[in-house]
Amino acid sequence: MRRLVAALPLMWLGLFFLVPFLVLLRISVSEPAIAQPPYLPLFEWADGLLTMTLNLGNYIFLAEDPLYLFSYLSSLKIAAVSTLIALLLGYPMAYAIARAPTGRRNLLLMLVILPFWTSFLLRVYAWIGLLKANGLVNNVLLWLGVIDQPLVILQTDFAVYLGIVYTYLPFMILPLYATLSKMDGDLLEAAADLGARPAVTFLTVTLPLSMPGVLAGSMLVFIPAVGEYVIPALLGGPGTLMIGSVLWNEFFLNRDWPVAAAVAIVMVLVLALPITLLRRIQAQEES
Amino acid sequence: MTRTTLAAILIAAPFAAQAQELNFYNWSDYIAEDTIPNFEAETGTNVNYDVFDSNEVVEAKLLAGSTGYDLVVPSLEFMARQAQAGVFQPIDRTKIPNYDNLDPEIMRIVSANDEGNTFGIPWMMYSVGPGYNVDMVTQRLGEDANIDSWSIVFDPENAEKLADCGIALLDSPTEMTAAALNYLGLDPTSEDAGDLEQATELLTSIRPHIRYFHSSQYINDLANGDICLAIGYSGDILQAKDRAADSGNGVDIRYVIPEEGAQLGFDMLAIPADAPNPDAAHAFIDHFLRPEVTAAISDAVFYANANREATELVADEVRTDPGIYPPEATLQKMYSAKPHSARYDRALTRAWTSLKTGL
């Protein structure tokens with residue numbers, strides 16, 4: 001029974017990660033064709049011989065055109081900056097919730113989760129209404145006399161950062177809250193008794209103890225942000241370069257499923273390598 | 001319960017026992033409000049109506065297979081390639097008594113991309129051209145500027161003057177590049193690398209003045225006055241004009257087919273090879289080809305149709321609008337798209353990405 005329980009997460013991973021990954025890998029070494037599905041089969045029976053055609057050209061192609069490298073780098077940058085902003089915003093919020101009286105704490109947590117009650121897509125669309133030239137933000141600023149020309153906010157990189165930080169902020173706050181609320185308040189008192197100022201206490205006691213929450217929250221924001229497609233498509237400008245839109249172009253405009261699959265495989269590797277490294281460093285520190 | 005709905009239920013009841021399904025996948029904002037309810041009431045068929053806003057999405061679904069749809073509406077040049085991949089079943093004309101209502105001249109033009117008119121029936125026809133906010137544009141370009149020409153946007157000087165009130169281009173490399181080629185006096189269907197370079201150069205020269213690239217957002221933005229010029233689909237721009245007029249916000253939108261000509265396109269009803277209810281699909285096509293049904297759709301969506309018998313039933317304001325039913329002289333200058341080779345599609349997408357991002 002216990003073994004079965006332990007095997008469940010593995011089965012889950014195998015079914016919903018490994019199998020799709022292998023399907024993708026198989027398409028990525030195929031060749032495009034005008035057919036249904038639009039790529040050539042990997043194995044072929046001819047004259048009683050089973051032949052397998054592996055086409056690594058798709059990966060070589062990705063290396064040859066700098067567009068792909070720049071898109072990966074740009075996605076990583078946008079995700080990293082968004083994660084940092086979400087951390088800077090989310091940490092004080094999580095801290096305040098963790099330190100709030102028990103009764104109010106549940107209400108505050110509820111407020112963090114509340115946006116999930118409406119669809120993610122609708123919330124991103126709502127930002128279009130707020131940010132556009134004729135939108136609420138510009139109209140209020142014009143009315144206050146702060147500006148005399150509407151600001152161009154929509155279709156800029158700024159709007160993309162705003163959208164990503166807004167959407168993923170709860171994923172930062174919740175794990176941070178979980179670690180901060182478990183922290184022993186006596187530790188802070190002890191630090192104060194021994195003469196540490198609040199800033200020193202925070203840097204030497206609170207922050208190190210909340211590192212697991214910082215890492216978990218950052219992962220939860222960073223990983224989906226790298227592959228984000230919807231937010232840059234709706235809020236970003238034409239110059240916003242992210243791997244999600246490059247993938248869309250390969251798949252839909254070029255109808256080149258093999259190259260699209262190769263782009264996706266490389267993205268998984270780009271994400272998996274630093275995370276595995278990070279885990280290893282973490283494990284070493286713990287031991 | 002009103003008497004009419006009760007009547008509808010009573011009429012439909014005998015069919016309920018053998019209720020048919022029809023899964024119909026159409027473009028957004030592309031049908032009259034009562035087309036589906038009327039068909040359902042008359043035949044007892046239960047219609048699942050679903051919408052999309054890009055040819056590419058439909059194509060990806062069709063190529064993956066087993067869509068479950070009985071009727072889809074890809075544009076002609078997309079349908080041509082999909083048919084090549086074996087996605088569709090031939091239309092059975094014996095099941096469509098109203099087939100003869102189709103204009104033979106239009107069917108001849110369509111047959112260039114659908115040999116023998118095997119797989120498709122034209123749903124509506126569209127052109128791709130500039131739509132603009134008359135007041136904002138004349139205020140910036142002056143009263144005597146030629147606003148019936150593609151130079152309204154392809155001349156960098158004009159584009160620069162309009163940049164502050166907002167220019168939107170279709171996020172469609174195929175249609176925008178064809179328009180640029182046509183403006184340069186080159187063959188809009190050319191797959192020549194040098195021609196593509198020239199077209200991209202022209203688009204790059206106006207790139208700094210473009211606010212965004214999108215294929216449906218401009219409808220609302222034009223109507224609200226958030227942008228002043230969009231290259232878009234004829235009926236979509238005319239729907240923006242209609243919405244602005246309805247809201248009484250004083251925005252006056254105009255759509256023209258420029259004097260240099262524009263792309264003429266066809267959206268085609270086609271039946272997937274693995275459609276679960278091909279009979280219902282044929283029945284719907286026959287229903288659609290009734291003159292009064294086709295005319296009602298044209299009235300609602302501001303697109304021209306290929307139904308010869310329907311023309312005189314179409315409302316005057318739609319039938320006499322040269323942006324919807326182009327006069328003979330304009331028609332001479334219009335061009336159609338052709339399906340691209342895979343190699344050209346890749347070059348085109350790459351040029352489009354570099355136009356948008358500078359890479």
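Let's start at B:Arg254, which is partly exposed at a relative accessible area of 30%; here buried means under 20% relative accessible area, exposed over 50% and partly exposed in between, computed with a 1.4 Å probe on protein chains only. This is a predicted model, in which local features need pLDDT of at least 70, side-chain atom pairs count only at pLDDT 80 or more, and totals for chains, interfaces and linings use all residues. Residues are numbered from 1 along each chain as its sequence is written, chains are lettered from A and ligands numbered from 1 in the order in which they are written, and side-chain values use heavy atoms, leaving out hydrogens and water.

B:Arg254 forms a salt bridge with B:Asp148, and their closest N and O atoms are 3.1 Å apart. The term stands for a side-chain nitrogen of Lys or Arg within 4 Å of a carboxyl oxygen of Asp or Glu. This pair links distant parts of the chain, 106 residues apart: B:Asp148 is in the loop between α6 (134-141) and α7 (151-154) of chain B, and B:Arg254 is in strand β8 (residues 253-255) of chain B. Helices (H or I, at least four residues) and strands (E, at least two) are DSSP runs numbered from the N terminus. B:Asp148 is also partly exposed, at 31% relative accessibility.

Now let's move to the place where the two chains meet. Contact, meaning heavy atoms within 4.5 Å, takes in 27 residues from chain A and 31 residues from chain B. The area buried between chain A and chain B is about 2700 Å², with carbon and sulfur atoms giving 57% of it; buried area is the accessible area (1.4 Å probe) that two parts lose on being put together, summed over both. On the side of chain A, the residues that lose the most area to chain B are A:Gln36, A:Pro238 and A:Arg255, together 26% of what that side buries.

What holds charged partners across this boundary? Side chains of opposite charge can pair when their charged atoms come close. The structure holds 17 salt bridges over all chains, and the rule finds 6 across the interface of chain A and chain B. One of the pairs between the chains joins A:Asp65 and B:Arg350, with the closest N and O atoms 2.5 Å apart. It runs from the loop between α2 (57-64) and α3 of chain A to helix α17 (residues 342-357) of chain B. A:Asp65 is buried at 13% relative accessible area, whereas B:Arg350 is partly exposed at 23%.

A:Arg255 forms a salt bridge with B:Glu59, at 2.7 Å between the closest N and O atoms. A:Arg255 lies in the loop between α12 and α13 of chain A and B:Glu59 in helix α3 (residues 55-64) of chain B, so the pair joins two chains. Both A:Arg255 and B:Glu59 are buried.

Another pair is A:Asp256 with B:Arg346, whose side chains meet in a salt bridge (2.8 Å, N to O). The elements giving two or more residues to the side of chain A that touches chain B are α3 (66-99), α12 (243-253) and α13 (257-286) of chain A. The largest share of that side, 6 residues, comes from α12(A).

Finally, look at A:Glu250 in helix α12 of chain A. A:Glu250 is buried, at 4% relative accessibility. Leaving aside neighbours within four places in sequence, A:Glu250 is in contact with residues including A:Tyr68, A:Arg255, A:Asp256 and B:Arg346.
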